[in-house]
Amino acid sequence: MHADDTRTLPPLGEDEWPEQTDVLIMGGGPVGLSCALLLAQRGIDVLLVDRRVFVFRFPRAHLLNMRTMEAFSDMGVADDIYAATPQHDRWRKAVWYTTALGDGPFDGMKIGEVVAWGGGDDAERYASAGPRRHANMPQIRLDPLLHRHALADAPGRIRKLQEVVAIEQDADSITATVQGVETGEQHRIRAKYLIAADGGRDSGRLLGIEQEGRADLREVVNYHVKMDLSEWAEEDALLAHFMHPAGGARRRGTIQAIGPEHYDRHSEEWLVSVAAWMVEGDRDDEAVLFDSIRRMLGLPDDHDIEMISTTHWTYNGLIAERFRSGRAFLAGDAGHQHPPTGGLGVNGGIQDAHNLCWKIAAVLHGQAPDSLLDSYDAERRPTVAWYTAHSLENANRHPPIALALGFGEDEAAGFRSLERYVSDTPEGERMRQEVEAAVQHNAYDYGQLAVECGYHYWAGAFVPDGTPLPGDQSDPITFHSTSRPGHHLPHAWLAPSAGESGRRAVHDLVRAEGLTLLTSPTAAPRWKAAVSAAGGAMPVTVVPVFDGDGSWASVRQITESGALLVRPDRKVAWRATHLPDDPESAFRDALQTVVRGGDIPADDLAAPYLERIRAAAGVLVR
């Protein structure tokens with residue numbers, strides 16, 4: 001954890017309702033709980049309210065990418081997550097099958113697989129992007145973990161069965177009417193800021209914020225079940241998709257191993273997503289639901305399945321028209337909703353929290369003006385609009401597999417096509433190559449390192465240096481490490497210095513409070529003088545990087561005399577490739593730009609991605 005002074009708030013009695021707080025948080029999912037942790041650990045008084053009882057019933061999201069695990073490391077929860085998730089890397093792939101089991105000639109047939117989430121040959125490529133590894137933790141287990149940590153750091157301030165029913169704002173505060181779900185008892189809470197992390201259930205309406213994009217694109221039925229798939233030939237895959245002549249050009253559904261002890265074919269529990277059209281009959285009839293699972297997986301009619309919970313949901317491609325309304329901010333699904341293809345939902349929400357909370361803390365500590373908070377919308381809204389467009393495009397990558405297999409409306413023709421596909425003929429070889437190419441194109445979903453770790457900000461609380469973007473921005477795979485302002489700090493492991501027991505990541509040198517100026521030991525005195533001369537309320541810590549083996553020099557993109565100004569969320573705020581002629585003036589100007597939130601253009605930076613959202617939504621196969 002890189003926080004220097006983690007503070008826990010004093011306890012608040014469960015029956016005690018404060019009349020005011022620094023930040024009121026709507027919603028106790030992973031994003032709201034992360035906001036509570038990040039703010040409480042910075043000494044900011046918070047109150048979180050959620051209409052639920054914090055009994056977490058459904059698995060939902062599971063993939064936690066590298067940048068999210070960095071944020072969780074800052075919160076002090078990463079070690080708990082890693083300890084509770086698979087201890088091997090064999091789960092890091094996605095597969096396609098006709099069915100899992102069955103007696104038919106093409107049942108249980110593997111169509112293809114892709115490496116996923118930094119597994120296999122991708123391990124080295126992913127390791128170069130940051131010190132934290134992707135993790136796999138179903139939300140049904142992540143949420144209780146975050147809840148426990150939030151209760152510890154904000155005791156008495158995480159309130160269940162409470163919902164915000166009205167919001168009023170004035171120049172100095174925001175006042176919310178909080179009502180007990182069961183009691184109807186109301187309390188008026190005055191806060192300096194409000195974070196809406198309620199999934200958009202009430203916040204958009206209460207704040208008058210509309211959503212842009214497309215809703216209700218595809219209906220999905222999800223089941224959380226217990227069942228035995230140990231006879232399945234697929235030994236390790238965490239995630240499997242099923243395509244079959246009976247389903248035509250459409251994917252029939254997906255299964256995901258969710259443990260809790262095994263994350264492969266021996267998993268005790270599964271998250272099963274079945275296309276709504278697969279459910280034939282009354283959806284309230286459990287026998288009908290089980291039949292859809294058995295047909296998709298090729299299981300016999302008497303194969304035992306135990307239902308734990310079920311839910312119906314739809315694909316959306318929605319972005320809020322703005323992420324700030326006065327003293328209120330949208331985070332997570334309240335601001336952006338998209339399909340799970342790419343695993344960017346909860347990750348994008350946690351990264352919202354990581355971006356927003358250090359800024360709120362800086363403003364409340366008197367280190368920055370309120371204008372710093374305008375950069376939240378400028379930075380995050382285009383980024384998650386990109387995520388949404390990419391997720392919708394990912395959702396369209398399965399039909400080409402069915403097309404290459406020759407699947408269509410005629411089921412019998414689909415089976416004849418499979419006969420050609422497996423045949424030892426030139427046509428069979430051609431089909432196999434086409435299917436493999438279609439499968440591998442799903443690396444845009446499962447190997448999208450440039451999306452997960454290469455996201456950068458176009459405008460906001462940083463000083464652009466006019467250098468061009470690295471690489472091809474249409475390529476979601478190839479990650480380019482760069483210290484260009486607005487991008488994530490490059491990663492390097494530092495060889496241990498005298499008295500140190502092990503290597504240390506440059507990322508871990510970044511301070512949680514204020515800004516960090518990274519430079520070489522030889523240039524540090526000169527930069528310390530520049531920082532001292534600049535003054536200002538925002539703390540800036542000059543950190544000399546002792547680079548014994550040159551690992552840092554190979555990625556930093558500055559000279560020995562240069563420096564990188566880094567924010568608590570590890571975005572580069574300013575880059576001096578070498579010592580300026582007047583470092584005091586150069587640093588002072590940069591600091592002032594960063595602290596006021598940068599220069600934000602009038603044009604909507606999310607507009608190009610909204611166009612992609614509409615285009616992808618228009619062709620999404622239901």
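Arg 570 sits in the loop that runs between β23 and β24 (572–576). This is a predicted model, and in it the backbone at Arg 570 does something worth a look: phi is positive, about 70 degrees, although the residue is not a glycine. Is Arg 570 buried or exposed? With a relative accessible area of 2%, Arg 570 is buried, because the cut-off for that label is under 20%.

Gln 557 belongs to the loop between β22 (540–544) and β23 (563–566). Here the relative accessible area comes to 41%, so Gln 557 is partly exposed. One more backbone feature turns up at Gly 259 and Pro 260, which are joined by a cis peptide bond with omega at about 15 degrees. Pro 260 is found in the loop between β13 (253–257) and β14 (269–275).

Next comes the inside of the protein. The largest nonpolar core has 119 residues, and the ones touching the most other members are Phe 72, Ile 81, Ile 195 and Phe 587. Which helix gives the most to this core? That is α8 (residues 345–364), with 10 residues. There is also a second, separate core, made up of 57 residues, with Ala 257, Tyr 263, Ala 404 and Leu 418 among them.

Setting aside neighbours within four places in sequence, Ile 195 is in contact with a run of residues from Val 23 through Leu 24 and Ile 25 to Met 26. The list of its contacts goes on with Cys 35, Leu 39, Phe 329 and Ala 331, and it also takes in Leu 356, Cys 357 and Ile 360.

Ala 328 is part of strand β17 (residues 328–330). Its relative accessibility is 1%, so Ala 328 counts as buried. Once residues up to four places away in sequence are left out, Ala 328 touches Gln 169, Ile 174, Leu 194, Leu 207 and Phe 323.

How many cavities of 30 Å³ or more does a search of the whole structure find? It finds 5. The largest cavity holds about 220 Å³ of space. Its lining is made of 25 residues, and those closest to the centre are Ala 450, Gly 454, Phe 479, His 480 and His 487. Sorted by class, that lining contains 11 nonpolar, 11 polar and 3 charged residues.

Methods
Residues are numbered from 1 along each chain as its sequence is written. This is a predicted model: local features need pLDDT of at least 70, side-chain atom pairs count only at pLDDT 80 or more; totals for chains, interfaces and linings use all residues. Side-chain values use heavy atoms; hydrogens and water are left out. On a 1 Å grid over the protein atoms alone, a cavity is a set of points where a 1.4 Å probe fits but cannot get out, and a pocket is an open set with protein on both sides within 12 Å along at least five of seven lines; lining residues have an atom within 4 Å of a point. Grid points are joined across faces, edges and corners, and a volume is the space filled by probe spheres set on the points. Ala, Val, Leu, Ile, Met, Phe, Trp, Tyr, Cys and Pro count as nonpolar, Asp, Glu, Lys and Arg as charged, and the others, Gly among them, as polar. A nonpolar core is a set of buried Ala, Val, Leu, Ile, Met, Phe, Trp, Tyr and Cys residues joined through side-chain atoms within 4.5 Å. Buried means under 20% relative accessible area, exposed over 50%, partly exposed in between (1.4 Å probe, protein chains only). Helices (H or I, at least four residues) and strands (E, at least two) are DSSP runs, numbered from the N terminus. Contact means heavy atoms within 4.5 Å.
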